[in-house]
Amino acid sequence: ELSKRLAAVVRHIPRDSVVADIGTDHAYLPVYLIQTGRAKKVLAGEVTAGPYRAAQETVRSCQLEQQIDVRMGNGLGVLQPGEADVAVLAGMGGKSIISILEAGSVVLKSIRRLIIQPMRDVPAVRRWLIRNNWCLVDEDMVDEDGHYYVIIVAEKGNEKIDDEFILEVGPRLLEKQDDILVEYLKKRSANIGSVLQKLKDAKSDEARLRAGLLIKEKDRIREVLKLCQ
Ligand code: SAM
């Protein structure tokens with residue numbers, strides 16, 4: 001069975017798409033997409049030899065070589081322009097995802113939808129997308145094993161977001177008043193509260209600066225939570 005995190009990615013894949021799964025690891029997502037009939041073909045890219053072999057082995061043991069093409073290479077470089085409609089970049093750090101997108105501009109021209117699930121640096125990914133003429137059509141958040149994961153769905157278009165806090169939290173999650181987002185923000189706020197308690201008597205400039213920023217963040221979270229009630 002697929003993880004909650006990957007199941008959330010799947011929900012954003014339009015039926016009958018040709019999907020590129022970049023950083024496929026064991027190719028669990030491609031196998032699921034074909035076995036459930038969600039995608040008609042998957043191009044699975046992997047840059048590291050071990051996971052590449054694991055992906056090939058999974059596909060072979062499921063006898064899905066016709067529908068899943070496992071390719072070794074860096075990022076979107078495994079694709080020819082026009083080969084895939086949808087690209088999934090999941091389970092990698094935001095900075096790696098941004099470098100993959102930067103390097104893949106020719107291939108990106110023919111990708112209609114990106115489904116991105118960054119493990120870190122989520123705001124940086126949102127910022128990159130918006131600055132590079134993608135708009136955030138949807139966002140999701142799931143919690144699994146004590147972690148909160150964000151899924152960003154982007155399509156071509158223009159969107160303007162200047163507010164850093166909105167980039168941090170996620171514009172579509174905010175609009176939806178997403179339950180998991182609310183839970184996450186409550187936890188984050190409690191966490192900030194306990195850090196502030198520890199910083200209370202600190203005298204260094206650095207500690208005061210940090211406390212100031214945390215107080216601001218806590219205030220913004222309170223505002224958002226008020227709107228979500
Ligand atoms: N996408 C799967 C998921 O979300 O469960 C697997 C995530 S796994 C943690 C990340 C995989 O991405 C690793 O197998 C790694 O080798 C691969 N990877 C990292 N950078 C890559 C790149 N530039 N191009 C292709 N694969 C990459």
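Predicted model: local features only at pLDDT ≥ 70, side-chain atom pairs only at ≥ 80, totals over all residues.
Residues are numbered from 1 along each chain as its sequence is written, and side-chain values use heavy atoms, with hydrogens and water left out.

Is E159 buried or exposed? With a relative accessible area of 17%, E159 is buried, because buried means under 20% relative accessible area, exposed means over 50%, and partly exposed lies in between, with a 1.4 Å probe and protein chains only. Not counting residues up to four places away in sequence, E159 touches I130, C135, L136 and R172, and by contact I mean heavy atoms within 4.5 Å.

Let me now step back to the whole chain. The chain has ten helices and seven strands, and its C-alpha trace spans about 65 × 35 × 35 Å along the principal axes. Of the 229 residues in the chain, 49% are buried, and among the contacts with a separation of 6 or more, 66% come from residues 24 or more positions apart. The chain exposes about 12300 Å², of which carbon and sulfur atoms supply 48%; such areas come from the Shrake-Rupley method with a 1.4 Å probe, and for residues only the protein chains shown count as cover.

As for charge, the chain carries 35 positive and 34 negative charges, whose mean positions are 3 Å apart. In that count Lys and Arg are positive and Asp and Glu negative, with His and the chain ends not counted, and the place of a charge is NZ of Lys, CZ of Arg, CG of Asp or CD of Glu.

Seven strands form an open sheet with mixed pairing, in the order 3-2-1-4-5-7-6, where two strands pair if DSSP finds at least two bridges between them. Its edge strands are strand 3, at 68–72, and strand 6, at 134–144, each of which pairs on one side only. On average, neighbouring strands of this sheet are turned by 15 degrees against each other, direction ignored; axes here are lines fitted to C-alpha atoms, for helices over the stretch in contact, and angles run from 0 to 180 degrees between N-to-C directions.

Strand 1, residues 17–22, and strand 2, residues 39–46, run parallel and are joined by six bridges, with I22 standing opposite G45 in strand 2. Helix 2, residues 28–35, packs on the sheet and touches strand 1, strand 2, strand 3 and strand 4 (86–92), its direction making about 175 degrees with that of strand 2. Helix 9, residues 179–199, also packs on the sheet, touching strand 6 and strand 7 (147–156), and its direction makes about 65 degrees with that of strand 6.

How many residues of strand 5 are buried? In strand 5, residues 113–118, six of the six residues are buried, and both faces are covered, with R113, I115 and Q117 on one side and L114, I116 and P118 on the other. Strand 4 and strand 5 run parallel and are joined by six bridges, and the bridge partner of L89 in strand 5 is I116. Strand 5 and strand 7, by contrast, run antiparallel with four bridges between them, and R113 has E155 as its bridge partner in strand 7.

I will finish with some loop residues. A27, in the loop between strand 1 and helix 2, has a positive phi of about 65 degrees although it is not a glycine, and at 0% relative accessibility A27 counts as buried. D121, in the loop between strand 5 and helix 6 (122–131), has a positive phi of about 55 degrees, again without being a glycine, but D121 is partly exposed at a relative accessible area of 32%. P81, in the loop between strand 3 and strand 4, is likewise partly exposed, at 48% relative accessibility, and, leaving aside neighbours within four places in sequence, P81 is in contact with V106, V107 and S110.

Definitions and conventions: Helix = DSSP H or I, 4+ residues; strand = E, 2+ residues; numbered from the N terminus.
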